[in-house]
Amino acid sequence: MPAQLISGREIAATIRSDLAERVARLKADTGRVPGLATVLVGEDPASQSYVRMKNSAAKEAGIHSEQITLPADTPEAELLGLVAGLNANPDIHGILVQLPLPGQIDEQKVLEAIDPAKDVDGFHPVNVGKLSTGATDVLAPCTPWGVIQMLLRTGNSPRGKHCVVVGRSNIVGRPMASLLLRRGEGGDATVTVAHSRTPDLGAITRQADILIVAVGRPDTVTADMVRPGAVVIDVGVNRVDAPDTDRGYRLVGDVDFDGVREVASWITPVPGGVGPMTITMLLSNTVDAFERSLE
Ligand code: GUN
């Protein structure tokens, strides 16, 4: 029997509707709403589209949202000044600087300039450090945090499971491992992290009860690399040429979906899997940051 699909689209819609209710209640109680600022430097089409989606999703949930777009040749000092202004702005509770940034700007310096309490991406070293020491009162990076929600909401709690994470990026792989290791709901897993330099990757992935793949390369995981009955979460989003389509390309994940769905018990599709969860958890982090600012 082929695997059941984990629909990020459906889970995201449920969480977004809960968030909209939470925002409405907070507005009634405090007279204020959470505020999100997104900063885009340059004109990369993919980044433009992500930032647009983040803003419109925020507005739909009743979150105040400001998009700041700067030219590609913006000096680093100007961006740092903008971030300082947003840190001091009482109407803004979440700040997201879209990555990657143009070459003249030191990405790490910018991430470190964001007030950790407004760091809804969870990329500030203070939040990275807190998460890796097991803190639960921390803003966690949106994509791995979304993966945890998908697992919990399909009855696939990581507790006591062997989770294999393939990928060691700061945005997904590393925080994914930290979240799975944390004590408590959504964590308590045994975690192995593999990556592009892991020899005999299949020998590792075949041990996984829950396999999470985030390397950015199609067909990284094929059916022979998956234990029958495993839960497979595909974080990859890759464009592959498809001349027969209108856009000329197709989106695929890092997992050979057609092959692996015959072996796994649950699998996320691409698109419509992890993708919609990332933006949803950004909204969730923004509302959490607002609530904490009231304390
Ligand atoms: N670029 C790709 N993914 C992300 C993300 O999650 N946050 C930000 N700020 N930039 C990104």
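1. Basis of the note. This is a predicted model, in which local features need pLDDT of at least 70 and side-chain atom pairs count only at pLDDT 80 or more, while totals for chains, interfaces and linings use all residues. Residues are numbered from 1 along each chain as its sequence is written.

2. Overall form. The protein chain has ten helices and eleven strands, these being DSSP runs numbered from the N terminus (helices H or I, at least four residues; strands E, at least two). The radius of gyration is 19 Å, which agrees with the value near 19 Å for a compact globule of 295 residues; the radius is taken over C-alpha atoms, and the globule rule is 2.2 Å times the number of residues to the power 0.38. Along the principal axes, the C-alpha atoms fill a box of roughly 50 × 40 × 35 Å.

3. Of the 295 residues, 43% count as buried, where buried stands for 20 or more other C-beta atoms within 10 Å of the residue's own, exposed for 12 or fewer, and partly exposed for anything in between, with C-beta atoms placed from the backbone. Among contacts with a separation of 6 or more, 69% are between residues 24 or more positions apart; a contact requires C-beta atoms, placed from the backbone, within 7 Å.

4. The annotated site. An unreviewed UniProt entry places the feature "binding site" at Gly 167, Arg 168, Ser 169 and Val 237; such annotations may be inferred rather than shown by experiment. Arg 168 sits in the loop between strand 5 (162–166) and helix 7 (173–181), and Val 237 in the loop between strand 8 (231–234) and strand 9 (238–241). Arg 168 counts as partly exposed because 18 other C-beta atoms lie within 10 Å, and Val 237 is partly exposed, with 18 such atoms as well. Beyond neighbours within four places in sequence, Arg 168 is in contact with Gly 173, Arg 174, Val 193 and His 195, and Val 237 with Leu 251, Gly 253, Val 270 and Gly 275.

5. Helix 2. This helix (residues 45–60) has 16 residues and reaches 23 Å from its first C-alpha to its last, close to the 22 Å expected at 1.5 Å a residue, the expected span being 1.5 Å times one less than the number of residues. Its buried residues are Lys 54, Asn 55, Ala 57 and Ala 58. Seen down the axis, they fall within an arc of 165° and so line one face of helix 2; the arc is that of the directions from the helix axis to the C-beta atoms. The face turned away carries the exposed residues Pro 45, Ser 49, Ser 56 and Lys 59. The buried residues pack against strand 2 (35–41), strand 3 (64–70), strand 4 (94–97) and helix 10 (275–294).

6. Helix 10. In this helix, 16 of the 20 residues are buried, so that helix 10 is mostly covered.

7. Strand 7. Which residues cover the two faces of strand 7 (residues 210–213)? Ile 210 and Ile 212 lie on one side and Leu 211 and Val 213 on the other, and all are buried. Strand 5 and strand 7 run parallel, joined by four bridges, with Val 164 partnered by Leu 211; pairing requires that DSSP find at least two bridges. Strand 7 also pairs with strand 8 in the parallel sense over four bridges, and Ile 210 stands opposite Val 231.

Methods: Contact = placed C-beta atoms within 7 Å.
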